Amino acid sequence: MASSLTCTGVIWALLSFLCAATSCVGFFMPYWLWGSQLGKPVSFGTFRRCSYPVHDESRQTMVMVEECGRYASFQGIPSAEWRISTIVTGLGCGLLLLVALTALMGCCVSELISRTVGRVAGGIQFLGGLLIGAGCALYPLGWDSEEVRQTCGYISGQFDLGKCEIGWAYYCTGAGAATAMLLCTWLACFSGKKQKQYPY
């Protein structure tokens, strides 16, 4: 099977896929922020949440429903910063996934990735990583929303966790993006084989 990638290009393709998968899994999982409410663990992502309070009519009290899900609507996301973070991070993950799948196809298809295409792909990866990084940077601006304050002991604020902790999914998303920006972008410059010159 012919490949359009150099040995460095094969490493780039595999690393690109790992970075994209890591960022996408971290983005989708609702474990960016951990806290507790009514004695139960609560976690948040940019557009998902685990455990939420509901009013129990029979006991006339608040109880925690321990299940994970998306917010009912885009406007239901607790803060404007988290809504922007969702869009920006989602776009970045999409770009990383697009480049990663193209790179993997380059392992099997000859003349798919030239040096120029590799450099353009590296630029797209850099942009994707930058978007995800911006989404991760915006996320703490939403820690002053009422939902987060209820979970973090009413002492959280922008860039102040209160009684909450940053979860593994936040680190996962950021690490995938940073690796894509710093390492994959550089490897992409050496990924494609030099194109053959055809005499006319």
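The following paragraphs describe the fold, the annotated segments and selected residues of a predicted protein model.

The structure is a predicted model, in which local features require pLDDT of at least 70 and side-chain atom pairs count only at pLDDT 80 or more, while totals for chains, interfaces and linings use all residues. Residues are numbered from 1 along each chain as its sequence is written, and side-chain values use heavy atoms, with hydrogens and water left out.

The protein contains 5 helices and 5 strands, where helices (H or I, at least four residues) and strands (E, at least two) are DSSP runs numbered from the N terminus. Their order from the N terminus is α-β-β-β-β-α-α-α-β-α. The radius of gyration, taken over C-alpha atoms, is 21 Å, well over the 16 Å that the globule rule gives for 200 residues, so the protein is more spread out than a compact globule; the rule is 2.2 Å times the number of residues to the power 0.38. The C-alpha trace spans about 85 × 30 × 25 Å along its principal axes.

Of the 200 residues, 40% count as buried (buried, under 20% relative accessible area; exposed, over 50%; partly exposed, in between; 1.4 Å probe, protein chains only). Contacts are defined by heavy atoms within 4.5 Å; among those between residues at least 6 apart in sequence, 66% join residues at least 24 apart.

An unreviewed UniProt entry lists residues 84-108, 120-141 and 168-190 under "transmembrane region"; such annotations may be inferred rather than shown by experiment. In the model, residues 84-108 are 92% helix and 0% strand, with the end C-alpha atoms 37 Å apart. For residues 168-190 the chain is 91% helix and 0% strand, and the end C-alpha atoms are 32 Å apart.

Gly-167 lies in the loop between strand 5 (165-166) and helix 5 (168-188). Gly-167 counts as buried because its relative accessibility is 2%. Leaving aside residues up to four places away in sequence, Gly-167 touches Tyr-31, Trp-32, Leu-33 and Trp-34. Its C-alpha atom is separated by 34 Å from that of Ser-191, 24 residues apart along the chain.

Leu-38 is placed in the loop between strand 1 (33-37) and strand 2 (40-44), whereas Ser-51 lies in strand 3 (residues 48-56). At 52% relative accessibility Leu-38 counts as exposed, while Ser-51, at 5%, counts as buried.
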